[in-house]
Amino acid sequence: MEKQHIYYFDNNATSRVAEEVAREMEPFFHDLYANPSSMHFFGGSLQIYLDTARQRVADLLGARPEEIIFTSCGTESDSTAIYSALRSQPGKKHFITTQVEHPAVLTVAKNLEKQGYRVTRLPVDAEGRLNLDDLKQAITADTALVSMMWANNETGVVFPVEEAARIAHSRGVLFHTDAVQAAGKIPINLSETRIDMLSVSGHKLHAPKGIGVLYVRKGTPFTPFLIGGHQEDGRRAGTENVPYIVGLGKAAELARKHIELENTQVRELRDRLEAGLTAAVPGTKVNGRGAERLPNTLSICFEYIEGESILLMLSEKGICASSGSACTSGSLEPSHVLRAMKVPQTYAHGSIRLSLSIYNTREEVDYVIKEFPAIVEKLRAISPFADGKPLFGAGDGHHH
Amino acid sequence: MWNYTDKVYEHFKNPRNVGEIPNPDATGEVGSLSCGDALKLTLRIDKATDRIVEAKFKTFGCASAIASSSVLTEMIIGLTLDEAAKITNQQIADALGGLPGKKMHCSVMGMEALEAAIADYRGEKGGKRVVSGAERVVCKCFGVTEAVILKAIKVNGLKTVEQVADFTKAGGGCGQCKGEIEKILKDYWANAENKKFADMTVVEKIKVIEKILAEKVNPLLKRDGGWIELVDVQGMNVKMRFLGMCSGCASSAVTLKTVVEKELRENIDPAIEVENA
């Protein structure tokens, strides 16, 4: 049987492990398997590999190696950062974040409210942009931490975190950013910012799942999340995941090399996909089009049809994408990100996210553009709403 | 990824009986665009035998909503209306080899559309209404249906089994149905529709607004060849758009306030603000 080609446009969900990364990790499973903490030559021989990986990650982020803590994932990094900031400042009971954060932050925020914290969730405009005046007004003497994502996972909209960090810093408030989607896609140089903490996830930048990073600026008060060991300078207990740390180091090195490609080749492909789809399919809306966006992300709504149905039809054609529709999550409400952008319910249900990587080709993009119109047409033919009603921009307000 | 059966996928990929019968004998519509799923079922019925000879559907929704609609049409063609009326949502789900728990509402939508279509054919109020076994007789002594009990609870704000018996006689005979009436009361007061508007989730708000639009507003507007649809709800603020003859009509701004907003305020909450999307 011929192997079906996978048209992979779901890189914001997870990305393919780079071959160079897998190769670099390989020896650490069966040859270099020692525990780096062990008091023998074998354990000691691993230190240099951990140091190299830490340096490579620091280089990607414009940080110092001692500011890099390896964790198990982006979610652990987010939890660690938020709880650390609050435990280090027990007198302060106010936390500021945004309405469009990843659940890794929003769920913590909800829990904090139950524990007596006050939480401010900054709103976004119709393009998904923040107004930093809202941040300035939200900060009080009681504010312990601002946590603001660098780039949104659904729409790719980039927040002005460097400016936001300066504002927080000038008011004596710690600043954390979830850079899980930004790292490796847009340049980051922490040495030039006032960002105190930053989360990265390995599997979004061609390292494997199960490895993450928390950057903690030197001098930032810190309370560990996992305790029970001296690893990571006492900041994150648990035996070092050596193969994955090595893999993430290699992925960081590659990401640094490829950041130019992300912003030329990947951006061109995304723009080609966006232009192609909006031209080939009537009744679409690109979310966050007016905002600064990641070069790889396209969030697009199709009026009168539902996201899960679109995804399954795409899947039939070998195309992998995501949706912000309610049906894919099993909840009745569509994506909190699109809701915060006040995308009406009438088309928030038909949202599709296509996210690219350096491994996507122009042929793959053209294939998606070619296959999409028939899928939308088929679903609109089934939909009770699609006929006799105006599509976006086509006949709206026209008097019959 | 949902754990859909092959049967769900098969009906999703090759849906049967898609479309709309021109001048149908019966129409059942449930759901809405803003709710995230909707089904319009049209039937052709042989008047002599009361049999469904043709059924077509149009569905907006996920794979299981489309599959449920498709399999429903297969199940009902050839049945008499009495036979069709007995179909439950569980039977629809079973015909698909089962549905994931969180997708069972898709089968309920199928059942409701069928009930609405049958009610439409039998001349019981317009096709766009949600019936959920309401015609079932609860009190067998006095032949009181669930619909009658519910209406009494709603109109009179009844809270106890005794009050229900006072108003409808139900439960006042042998008393065997008292447990069931208790449950109807409990469900009614736990129901979102009876909650305060401000406390509802967005989906609940949409549902109550859509109901008023279908029952009170659009029948009026349709006389002039137009209609209105809900675009969005944010807090107490409701955004609408006029369609058909109403779109671009000079007096639509007045209609928005004097008809649409008035109906929503009277029937749902006096603090509702309506504006053009």
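Chain B is divided into three domains: domain 1 (6–121), domain 2 (137–190) and domain 3 (198–276). The model is a predicted one. Between the centres of domain 1 and domain 2 of chain B, taken over C-alpha atoms, the separation is 30 Å.

Turn next to a sheet in chain B. Three strands form an open sheet in the order S6-S7-S8 (chain B), and their pairing is mixed. Strand S6 (226–234) and strand S8 (273–276) of chain B are the edge strands. Each has a single partner strand, so one side of each is left without a neighbour in the sheet. On average, neighbouring strands of this sheet are turned by 35 degrees against each other, direction ignored.

How many bridges join S6(B) to S7 of chain B? There are eight, and S7 covers residues 237–244. The two strands run antiparallel. Within this pair, B:Glu229 stands opposite B:Arg241 in S7(B).

Helices accompany the sheet. Helix H9 (residues 202–222) of chain B packs on it, touching S6 and S7 of chain B. The direction of H9 makes about 160 degrees with that of S6(B). Helix H10 (residues 252–267) of chain B lies across S6, S7 and S8 of chain B. Against S8(B), H10 runs at about 150 degrees.

Now move to chain A. Its domain assignment gives domain 1 (19–255) and domain 2 (258–376). The C-alpha centres of these two domains of chain A lie 27 Å apart. Where the domains meet, 22 residues of domain 1 of chain A are in contact with 22 residues of domain 2 of chain A. What classes of residue does domain 1 of chain A bring to the side that touches domain 2 of chain A? That side has 11 nonpolar, seven polar and four charged residues.

One helix of chain A deserves a look of its own. Helix H8 (residues 161–170) of chain A has these buried residues: A:Val161, A:Ala164, A:Ala165 and A:Ala168. Why do they fall on the same side of H8(A)? They cover an arc of only 100 degrees around the axis, and this puts them on one side of the helix. Just after H8(A) comes A:Gly172, with a positive phi of about 75 degrees.

Key
Residues are numbered from 1 along each chain as its sequence is written. Chains are lettered from A and ligands numbered from 1 in the order in which they are written. This is a predicted model: local features need pLDDT of at least 70, side-chain atom pairs count only at pLDDT 80 or more; totals for chains, interfaces and linings use all residues. Two strands pair if DSSP finds at least two bridges between them. Helices (H or I, at least four residues) and strands (E, at least two) are DSSP runs, numbered from the N terminus. Axes are lines fitted to C-alpha atoms, for helices over the stretch in contact, and angles run from 0 to 180 degrees between N-to-C directions. Two residues are in contact if their C-beta atoms, placed from the backbone, lie within 7 Å. A residue is buried if 20 or more other C-beta atoms lie within 10 Å of its own, exposed if 12 or fewer, and partly exposed in between; C-beta atoms are placed from the backbone. The arc is that of the directions from the helix axis to the C-beta atoms. Domain bounds come from an automatic or database domain assignment. Ala, Val, Leu, Ile, Met, Phe, Trp, Tyr, Cys and Pro count as nonpolar, Asp, Glu, Lys and Arg as charged, and the others, Gly among them, as polar.
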